Amino acid sequence: MGSRVRGNPAAVDLPAPPRHARASGRAPLAIELKRDLELAPEDDVTLGALIDSRPHVGVFLSRAWLSGFFAEPPPGSEPFLLML
């Protein structure tokens with residue numbers, strides 16, 4: 001069974017990694033591409049922990065910066081949030 005990418009508009013199935021690349025006993029990597037900041041509760045908790053654990057990255061990993069970036073993206077761009 002291959003990996004799966006979830007996001008808008010649809011999920012994409014990816015080929016299974018080579019046998020030697022699989023980590024035994026671990027869950028497969030899930031990649032979710034979001035076009036908004038409406039996160040599932042468990043993802044919201046994880047994002048909060050990530051923000052709290054990396055104060056040295058400043059405004060580029062904060063809810064305020066992300067909210068502003070999604071509300072008013074630079075001209076010609078479309079913001080996405082990639083969750084692994």
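The side chains of Arg63 and Asp44 meet in a salt bridge, with N and O 2.9 Å apart; a salt bridge is here a side-chain nitrogen of Lys or Arg within 4 Å of a carboxyl oxygen of Asp or Glu. Arg63 lies in helix H2 and Asp44 in helix H1, so the pair ties together parts that are 19 residues apart in sequence. Arg63 is partly exposed at 38% relative accessibility, and Asp44 is partly exposed at 33%. The classes of accessibility are buried (under 20% relative accessible area), exposed (over 50%) and partly exposed (in between), with a 1.4 Å probe and protein chains only. The structure is a predicted model, in which local features need pLDDT of at least 70 and side-chain atom pairs count only at pLDDT 80 or more, while totals for chains, interfaces and linings use all residues. Residues are numbered from 1 along each chain as its sequence is written, and side-chain values use heavy atoms, with hydrogens and water left out.

The count of salt bridges comes to three. In one of them, Glu78 is paired with Arg35, the closest N and O atoms being 3.4 Å apart. This pair links distant parts of the chain, 43 residues apart: Glu78 belongs to the loop between helix H2 (63-71) and S4, and Arg35 to the loop between strand S3 (30-34) and H1. Both Glu78, at 48% relative accessibility, and Arg35, at 39%, are partly exposed. A salt bridge also joins Asp36 to Lys34, with an N to O distance of 3.5 Å. Here Asp36 is partly exposed, with a relative accessible area of 30%, whereas Lys34 is buried at 15%.

The secondary structure consists of two helices and four strands, arranged along the sequence in the pattern β-β-β-α-α-β. Helices (H or I, at least four residues) and strands (E, at least two) are DSSP runs, numbered from the N terminus. Of the 84 residues of the protein, 17% are buried. The accessible surface comes to about 6,600 Å², and 59% of this belongs to carbon and sulfur atoms. Accessible areas were computed by the Shrake-Rupley method with a 1.4 Å probe, and for residues only the protein chains shown count as cover. Among contacts (heavy atoms within 4.5 Å) between residues at least 6 apart in sequence, 55% join residues at least 24 apart.

The largest nonpolar core has eight residues, namely Leu39, Leu47, Ile51, Leu61, Leu66, Phe70, Leu81 and Met83. Such a core is a set of buried Ala, Val, Leu, Ile, Met, Phe, Trp, Tyr and Cys residues joined through side-chain atoms within 4.5 Å. At least two residues of this core come from each of H1, H2 and S4. Met83, another member of the core, is in contact with Asp43, as is Glu32, when the neighbours of Asp43 within four places in sequence are set aside. Asp43 itself lies in helix H1 (residues 41-53) and is buried, with a relative accessible area of 19%.

One aromatic pair was counted. The rings of Phe69 and Phe70 have their centres 6.3 Å apart and their planes at 80 degrees, so the pair is edge-to-face. Rings of Phe, Tyr and Trp (its six-membered ring) pair if their centres lie within 6.5 Å, and planes under 30 degrees apart count as stacked, over 60 as edge-to-face and the rest as tilted. Phe70 is buried, with 16% relative accessibility, and Phe69 is partly exposed, with 27%. Phe69 is placed in helix H2 and touches Pro74 and Pro79, not counting residues up to four places away in sequence. The C-alpha atoms of Phe69 and Phe80, eleven residues apart along the chain, are 9.8 Å from each other.

On the surface, Leu29, Leu82 and Leu84 form a nonpolar patch with about 350 Å² of accessible area together. Patches are made of residues with over 30% relative accessible area and no salt bridge, like charges being joined within 9 Å and nonpolar side chains (Val, Leu, Ile, Met, Phe, Trp, Tyr) within 5 Å. Leu84 is located in the segment after strand S4 (81-83) and is exposed, with a relative accessible area of 71%.
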